Amino acid sequence: MRGTQESPENAILLTATQVAEMIGGRVEGNPDVLVGGIAPLSQAQGEELGFLAQRRYLRDLGHTEAEALLVGEELAEAADGHPCRIVVKDAHGALPKLLSHFYPSPPHEPGIHPTAVLGKGVDLGKGVSIGPYAVLEGGVILGDRARVGSHAVLGAGSRVGEDSVIHPHVVLYPGTKLGARVILHAGARVGADGFGYVPDGEGVAKVPQVGGCVLEDDVEVGANTCIDRGSIGQTTVGRYSKLDNLVQIAHNVQVGRGVLMAAFTGVSGSTEIGNGVMTGGQAGFTGHLQIGDGVRVAAKSAVLRDVPSGMTVSGSPAREHRETLRAQGLMFKLPETAQKIRELEKRLAALEGSGEG
Amino acid sequence: MRGTQESPENAILLTATQVAEMIGGRVEGNPDVLVGGIAPLSQAQGEELGFLAQRRYLRDLGHTEAEALLVGEELAEAADGHPCRIVVKDAHGALPKLLSHFYPSPPHEPGIHPTAVLGKGVDLGKGVSIGPYAVLEGGVILGDRARVGSHAVLGAGSRVGEDSVIHPHVVLYPGTKLGARVILHAGARVGADGFGYVPDGEGVAKVPQVGGCVLEDDVEVGANTCIDRGSIGQTTVGRYSKLDNLVQIAHNVQVGRGVLMAAFTGVSGSTEIGNGVMTGGQAGFTGHLQIGDGVRVAAKSAVLRDVPSGMTVSGSPAREHRETLRAQGLMFKLPETAQKIRELEKRLAALEGSGEG
Amino acid sequence: MRGTQESPENAILLTATQVAEMIGGRVEGNPDVLVGGIAPLSQAQGEELGFLAQRRYLRDLGHTEAEALLVGEELAEAADGHPCRIVVKDAHGALPKLLSHFYPSPPHEPGIHPTAVLGKGVDLGKGVSIGPYAVLEGGVILGDRARVGSHAVLGAGSRVGEDSVIHPHVVLYPGTKLGARVILHAGARVGADGFGYVPDGEGVAKVPQVGGCVLEDDVEVGANTCIDRGSIGQTTVGRYSKLDNLVQIAHNVQVGRGVLMAAFTGVSGSTEIGNGVMTGGQAGFTGHLQIGDGVRVAAKSAVLRDVPSGMTVSGSPAREHRETLRAQGLMFKLPETAQKIRELEKRLAALEGSGEG
């Protein structure tokens, strides 16, 4: 809900020196260049600072239009041909402060759009905002300063903590509970029925999904991501965890604290994901697993077994990362291996022949 | 659309004996413990029955707060230290009956919200309910007791069978046809254009997608799942089939009866999926395949060829499951294989040397 | 937004000869058969032309009810038992013209539904249509004849080019820019925050996502697909590119012109996809890659490195397609390879024994 890069209307120009002070860096070259925004080297124009944090983007250095650069320490020397570099230890780490300055969020405007539908017993905190056509069913509780976007549907009895932001078109099924400062992007579905059936005659019978769904403080959920309620018991996403777009969390999954999951990650029912786990895109977990703290799962891995804390896994089926790399490397050498075996066979046959002869 | 586990307001407490009678089980231990709900062993509190159906959850038996257990027959002995066990042959199978008792759905309240938009010629059955801001375009037909959630959009001429439940934010494209007792979860998109283009000058030309989309009786579709209409002809999902969240069914796909597809399963255009097929998460099918009845497809499989009835396949590309397991197992033994070949070469060279000497 | 196959109310019947003239084909057999639609061989009824473009569907030839066939040149001989064939060089290529005739789109009806919410400074072109409950926030610009479906939310300052079609339930985040003739299907989310965090104390800090998101002319985006805005700088999808349902494009990705991406394709941050690239379903790209023009990526590939122009890749990790095929083929021969090695060992031991003896 902030403006786009093209309209940093409230931006205040800073000198390179002022920028360096703000982020604990130093200026190399001209300290007086004016800065009013930030962009990749290849796109920076006008007063936008050129952002250089990875070696591969040195390729853009020769033709950037940026008059000043933000450069990570390890690339300072490689960039020293540019007339103004602001050098900082961690260029990515400097972004939140810089961007909040140059691209301030539009001020929060409390208020309830007249088209919003509020059910019986809805309880609204101070300074909330509710967009056009939002539907808050009976008994919904909104914390102070919570924001509900257009068309969002908050099911009966759901709760939203203070300072949370519900983007347009989010659906919370009845009884869902969100902590404080939770962000849900457009189309997130939280608390839907899990995928639970039992055999029944010629078809299957639906197992009623009666559990709860809890997202703790500071959780962020990407667009069109789905988190099912518990079948019995509850599904939980722990504090500080961030889910990308199009992630699937099945019923009764327990996601720990500070977990990061990239797009298309799928977690099957009842699996427990430890604190600080990170998953690459399109990673998958079967059900009822225990994944330890700090585990890293490479993109596209298929995790079929428990993983102990601290391990990095990859592959399908997933194994310890180095083991997978070694096996994959040898797999692509199989044509050579086959050739070696043919040669051994020939040499052996020759020897056998000579022995017989 | 049922309440959460925390508020089974209409629940009626039962004794362990009464529960056992309801589900055809027996009580071992104290028959008089009162039961008012059900939860996993690790979460059960108060009068909640602890649910124990898998061996791995015996780990929670020592510290559960549940005063009574629901136990599958095969775990009865392992659980016999607990003062009250309700033992039943199939613990999962007992859930639908138990949960319907302890967590009854809120009564269906027919009625049409005044903000709903009804087009020309809309035909509503008896006892239907239509939520706030739902849009029923011209010619929509709703069967008796069908429920349409907030913000759902039912395209022109679409039909919804009796007792079907359309959750909030569902979109039916024009002409989509749903049978009876169909359940569509939030954000499901049914009948959208398939992905069809032909080369045309510097770009591609869109092939108009003019076919239909039919979901037969008792189909359930998860949140944010997409089912495209036919390009020509129609896309069909057969009776009793259940699709998880975030599934993709392309144009002209024929899904048989009683099929279960886990999240992120993708089926490409015109593929035919037989009756009773089951797919794990992130499984994929290329187009124009014929997949026989009862086929099982492991999670993350890439099915590139027809599969005969009854076969279980896995891997990428998918092959018969045991064949894949054997190949994968040997792949992880490639380092040993390479070592063996090096040793053979040494021994052979030694022999060759001795022969020459 | 066209009708379904069952109700081609405006269709005009043509003779086989007239159809052949329209698409530059020839009639073999009876030239006077009347045609009023088109369907797969197995589904065609009444006056529907049976569509036969792939050898595998010859299986349906014996029992089709179609009275006339549309046949690709290469199958003309195989189909010559049918009394009326319209033979054309490229049967798929003939579809756009035929379908536009038999299934004309309903006429575009300009108008603004009274329930639409228009913010300050909204600028509407001529002949636009805006559906029920659509929300156009402040400063939105709609080109001539643009269509906005029910419930769509167009964030502040977003722009939609002429003749674009926004289906129901689309969300454009603030500042998103769409070219002309863009089509967005239901539930597409364009311009949402990318997945960007930096370590911060016990959790992570969100990096404000302040960049833009641009879809050029003639782009089509499938249902529930997500395209994130730039973190800094912008995300771009080039002219003529088509994304299937449930695709994920991360922040700062640059998609070239004429790109086709099948469902569940995921592209990680800042990766550049060349012109004319095609990806199969469930393909994935890690971040910061450069993928050349004309690259083809097989379904389920995991692209972890740059790919030069014109290459076809497959596998996980992705390699040149033939290399992957060879390695996969040999992987499934590993049981035989292991057997060969065991035999070599035996024979060698025998030789060694005889040498010693």
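**Backbone, symmetry and charge pairs in a predicted model**

N224(C) is located in chain C, in the loop between β25 (220-221) and β26 (226-228); helices (H or I, at least four residues) and strands (E, at least two) are DSSP runs, numbered from the N terminus. The structure is a predicted model, in which local features need pLDDT of at least 70 and side-chain atom pairs count only at pLDDT 80 or more, while totals for chains, interfaces and linings use all residues. Residues are numbered from 1 along each chain as its sequence is written, chains are lettered from A and ligands numbered from 1 in the order in which they are written, and side-chain values use heavy atoms, with hydrogens and water left out.

Although N224(C) is not a glycine, its phi is positive, at about 60°. The residue N224(C) is buried, with a relative accessible area of 0%; buried means under 20% relative accessible area, exposed over 50%, and partly exposed in between (1.4 Å probe, protein chains only). A positive phi also occurs in chain A, where H169(A), likewise a residue other than glycine, has a value near 70°. The loop between β17 (165-166) and β18 (171-172) of chain A holds H169(A). The relative accessible area of H169(A) is 0%, and H169(A) is therefore buried.

Cis peptide bonds form a further backbone feature. In chain A, S316(A) and P317(A) are joined by a cis peptide bond with an omega of about 5°. P317(A) is placed in the loop between β39 (312-314) and β40 (319-320) of chain A. In chain B, a cis peptide bond with omega about 5° joins S316(B) to P317(B), and P317(B) is part of the loop between β39 (312-314) and β40 (319-320) of chain B.

The relation between the chains was examined by superposition. Copies are superposed by least squares on the C-alpha atoms of residues with pLDDT of at least 70 in both. Chain B is superposed on chain A by a rotation of 120° with 0.1 Å of shift along its axis, and the RMSD is 0.1 Å.

Within chain C, L118(C) belongs to strand β9 (residues 117-118). L118(C) is partly exposed, at a relative accessible area of 36%. V259(C) is 141 residues from L118(C) along the chain, and the C-alpha atoms of the two are separated by 34 Å.

Charged side chains were considered next. Side chains of opposite charge can pair when their charged atoms come close. A salt bridge is counted when a side-chain nitrogen of Lys or Arg is within 4 Å of a carboxyl oxygen of Asp or Glu. By this rule, there are 39 salt bridges over all chains.

One of these pairs joins E28(A) and R26(A), with the closest N and O atoms 2.9 Å apart. R26(A) counts as partly exposed, at 36% relative accessibility. A second salt bridge in chain A, between D218(A) and R181(A), has its closest N and O atoms 2.8 Å apart. D218(A) is in the loop between β24 (212-215) and β25 (220-221) of chain A and R181(A) in the loop between β19 (177-178) and β20 (183-184) of chain A, so this pair ties together parts that are 37 residues apart in sequence. D218(A) is buried, with a relative accessible area of 13%, whereas R181(A) is partly exposed, with 34%.

In chain C, D193(C) and K206(C) meet through their side chains in a salt bridge of 2.9 Å, N to O. This pair links distant parts of the chain, 13 residues apart: D193(C) lies in the loop between β21 (189-192) and β22 (197-200) of chain C, and K206(C) in strand β23 (residues 203-206) of chain C. D193(C) is buried, at a relative accessible area of 12%, while K206(C) is partly exposed, at 25% relative accessibility. In chain A, salt bridges that share partners join R26(A), E28(A), E73(A) and R85(A) into one network.

A patch of positive charge on the surface gathers K333(A), K340(A), R342(B) and K346(B). Patches are made of residues with over 30% relative accessible area and no salt bridge, with like charges joined within 9 Å and nonpolar side chains (Val, Leu, Ile, Met, Phe, Trp, Tyr) within 5 Å. Accessible areas come from the Shrake-Rupley method with a 1.4 Å probe, and for residues only the protein chains shown count as cover. Lys and Arg count as positive and Asp and Glu as negative, while His and the chain ends are not counted; the place of a charge is taken as NZ of Lys, CZ of Arg, CG of Asp or CD of Glu. K340(A) is part of helix α4 (residues 334-356) of chain A, and K340(A) is partly exposed, with a relative accessible area of 37%.
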